[in-house]
Each structure stands twice: as structure tokens, then as C-alpha cells.
Amino acid sequence: ASTLGAQAAQSGRYFGAAVAAGRLGDSTYSTILDREFNMVTPENEMKWDTTERSRGSFNFGPADQIANRALSRGQRVRGHTLVWHSQLPGWVSSIGDANTLRSVMNNHITTQMAHYKGKVYAWDVVNEAFADGGSGQHRPSVFQNLLGDGFIEQAFRTARSADPAAKLCYNDYNIENWTDAKTQGVYRMVRDFKSRGVPIDCVGFQAHFGTGGPPASFQTTLSSFAALGVDVQITELDIAQAPTNAYANTVKACMNVPRCTGITVWGIRDTDSWRAGDKPLLFDGSGNKKAAYNATLTALGGT
Ligand code: G3I
């Protein structure tokens with residue numbers, strides 16, 4: 001096939017992009033989006049500071065714009081994200097007691113997932129809950145500090161009740177290298193969830209890489225998590241300077257793991273990227289395919 005989405009589909013996978021509502025009116029952007037991608041992740045529009053800026057008052061306008069547009073074109077949607085310490089409105093971070101926070105968190109998950117029931121293929125239920133560095137433990141956050149380690153399990157259980165058909169993912173960065181303490185911490189959590197029947201269906205590896213691309217152990221990491229009985233996905237891929245071999249190695253790691261079900265790049269053109277200075281994406285600022293695009297298509301099994 002001659003596009004990323006169609007080529008990925010030949011092996012039952014998807015190829016997606018993070019999309020910003022504010023760019024949809026740019027025809028260069030939307031033309032590439034609709035030609036190349038069959039999965040869409042709203043880059044910021046489903047985050048708490050947009051969807052529930054004040055308690056109990058929900059705004060799904062910007063996210064609906066992206067989701068409805070995608071669904072009408074046969075693209076699927078990944079929901080990003082329900083519980084995250086960042087882009088969290090001040091009224092949530094300043095909650096002082098566990099009972100209030102628990103009910104606020106559950107209501108946020110339930111209301112947002114109910115709105116998108118049947119429309120979102122997979123949710124990043126909890127994002128970036130593990131600490132950087134060597135601890136292998138959760139990072140401090142209002143959720144961790146008030147609810148303790150159990151907040152992640154609570155979020156996944158609430159999510160399953162809200163939309164039993166949606167896939168429920170844990171998503172994080174710097175968990176691609178198998179021997180890192182952070183990777184092992186997340187691995188132990190998923191193993192524990194699977195052994196106790198806590199609902200979890202997938203793990204998202206953000207894959208924000210430097211010029212070297214993925215660590216040599218990336219495929220081992222993907223297959224080790226998959227062996228626990230979850231799907232694995234590359235959810236926010238971008239690579240500084242977009243070297244062809246770095247993109248090819250990333251895609252091949254996924255292609256070699258049957259339960260690696262899809263890849264999402266974190267933006268379309270370099271100029272759309274949160275790290276635009278690194279020129280980390282597959283299209284240049286004018287919308288031309290870069291060498292990394294061809295390497296990616298080839299690695300997906302295309303030409
Ligand atoms: O919308 C406002 C705009 O009104 C204002 O004028 C402008 C001035 O700064 O800010 C705009 O908001 C920005 C928003 O992106 C939309 O462009 C925020 O400041 C900015 O912080 C925000 O950055 C996003 C970042 O998450 C926030 O943490 C990036 O676009 C987004 O790509 C990035 O994505 C994250 C994933 O969600 C989780 N994993 C890491 C990844 C990269 O940081």
C-alpha cells in the first residue's frame with residue numbers, strides 16, 4: 001500500500017497521529033491527516049483542563065470536533081487522557097481530602113467515557129503515574145498523595161464500568177528500555193493487575209526518542225509486556241532529527257510483536273510538533289514526506 005494507515009492495516013495494525021483541533025482548518029494538514037492516518041489522538045483536547053475546567057462543568061466541544069470528524073471518515077480515536085497529574089486544573093490539585101478527590105476522579109472518568117461511549121477505541125486511563133529515576137514507584141501527585149497507590153486500580157475499575165467495550169490503557173514515557181527501574185515498576189503493576197483481575201487491556205509506550213531512536217531492548221520490552229496478556233501500542237512517537245534507521249527500528253520492534261497493535265506519531269508536520277526544534281516527525285513544515293516517512297512505510301512492510 002502507498003500510505004501509512006493502509007500499509008499498517010495489512011497486518012491488522014493502525015497508524016495514527018496526534019491531532020490539534022486548531023489545525024484542522026489548515027488544508028495541507030488535513031489532507032495529510034486523511035490520506036495517511038486511520039487512528040487519531042486529540043493532542044490536548046481530552047485533557048482535564050479542557051474537559052472539566054471547573055467542577056462538574058464539562059466541555060467536550062474541541063474534542064468532539066476532532067472525534068466526530070475522524071469517525072465520519074472511518075478513522076478511529078484514542079482517548080488521551082483521563083487521569084494525569086499535568087494539565088490538571090487548579091481546583092483538582094487543591095482538593096484536600098481523599099473522599100472528595102475519589103468522587104471527583106470517578107465522576108470525571110465516568111462522565112467523559114459516557115460521552116464518548118462507542119466512539120473511542122482505547123483510553124489512556126492513567127498517564128505518566130510512575131516516577132523518573134531509579135525508584136520504580138509512583139510519582140507524587142494529588143491522586144497519589146491523597147488516595148495512595150490504589151488510585152490507579154480505582155481509575156481502571158471505574159473506567160471498565162463506564163464503557164465495558166473500550167480498551168483501557170496505561171500510558172507512560174521512558175518505559176521503553178527493559179532494564180530501567182521505571183519500566184520494571186510499570187511491568188510489576190501490570191502483572192499484579194492481571195493476576196488480581198484488575199481490568200487493563202493495553203500499555204502505551206510514548207516513544208519520545210532522541211536521535212539514537214529506541215533502546216536495543218525495545219522489542220524485548222514490548223514482547224515482555226504482551227506476554228502478560230495486554231496489547232502494546234506506540235502512542236506518541238517522535239524522534240529528534242527523524243533519522244531513517246531510528247524510525248525503521250521503532251516500527252520493526254512493533255511489527256515483530258504480534259500484540260503490538262498500532263503506532264501513533266505525536267503530530268503530523270515538524271512544525272506541528274511540541275518539540276518542533278528537533279524536527280522529529282515524518283513530514284516537513286511544508287507537508288512534504290521526509291526520508292523517515294519512506295523508511296517507516298518500508299518497515300511497515302510496504303514499498
Ligand atoms: O491553548 C493555549 C493557548 O490559548 C495559549 O495562548 C498558549 C500560550 O502558551 O498555550 C496554549 O496551550 C498550550 C497547549 O499545549 C496547546 O497548544 C500549553 O501552553 C502547552 O503546555 C500545551 O503543551 C502540550 C503538552 O502536552 C502539555 O503538557 C503539548 O501540545 C502536547 O503535545 C503535550 O503532549 C504530551 C502528552 O499529552 C503526554 N506525553 C508527553 C507529551 C509531550 O509533552
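Colleague: What should I know about the model and its numbering?

Modeller: This is a predicted model, where local features need pLDDT of at least 70, side-chain atom pairs count only at pLDDT 80 or more, and totals for chains, interfaces and linings use all residues. Residues are numbered from 1 along each chain as its sequence is written, and side-chain values use heavy atoms, with hydrogens and water left out.

Colleague: OK, strand E8. Buried or exposed?

Modeller: Mostly covered: nine of the nine residues in E8 (231–239) are buried. Buried means under 20% relative accessible area, with a 1.4 Å probe and protein chains only. Strands are DSSP runs of at least two residues, helices (H or I) of at least four, numbered from the N terminus.

Colleague: Which way do E6 and E8 pair?

Modeller: Parallel, over four bridges, with E6 covering residues 202–205. Two strands pair if DSSP finds at least two bridges between them. Cys-202 stands opposite Asp-231 of E8.

Colleague: And how many bridges join E7 to E8?

Modeller: Two, and those strands run parallel; E7 is residues 208–209. There, His-208 sits opposite Asp-238 in E8.

Colleague: What about E9?

Modeller: E9 (residues 260–265) pairs with E8 in the parallel sense over four bridges. Val-232 has Cys-260 of E9 as its bridge partner.

Colleague: What do E8, H11 and E9 make together?

Modeller: A right-handed β-α-β unit, with H11 spanning residues 244–255. Right-handed means that, with the strands pointing away from the viewer, the path from the first strand over the helix to the second runs clockwise. E7, H10 (residues 218–226) and E8 also form a right-handed β-α-β unit.

Colleague: Last one. Where is Arg-78 found?

Modeller: In strand E3, residues 76–83. Arg-78 is buried, because its relative accessible area is 1%.

Colleague: What does its side chain contact?

Modeller: The side chain of Arg-78 makes a polar contact with that of Gln-233, at 3.0 Å.

Note on methods
Buried < 20%, exposed > 50% of the residue type's maximum accessible area, 1.4 Å probe, protein only. Polar contact = N/O pair within 3.5 Å; in protein donor to acceptor, adjacent residues only side chain to side chain.
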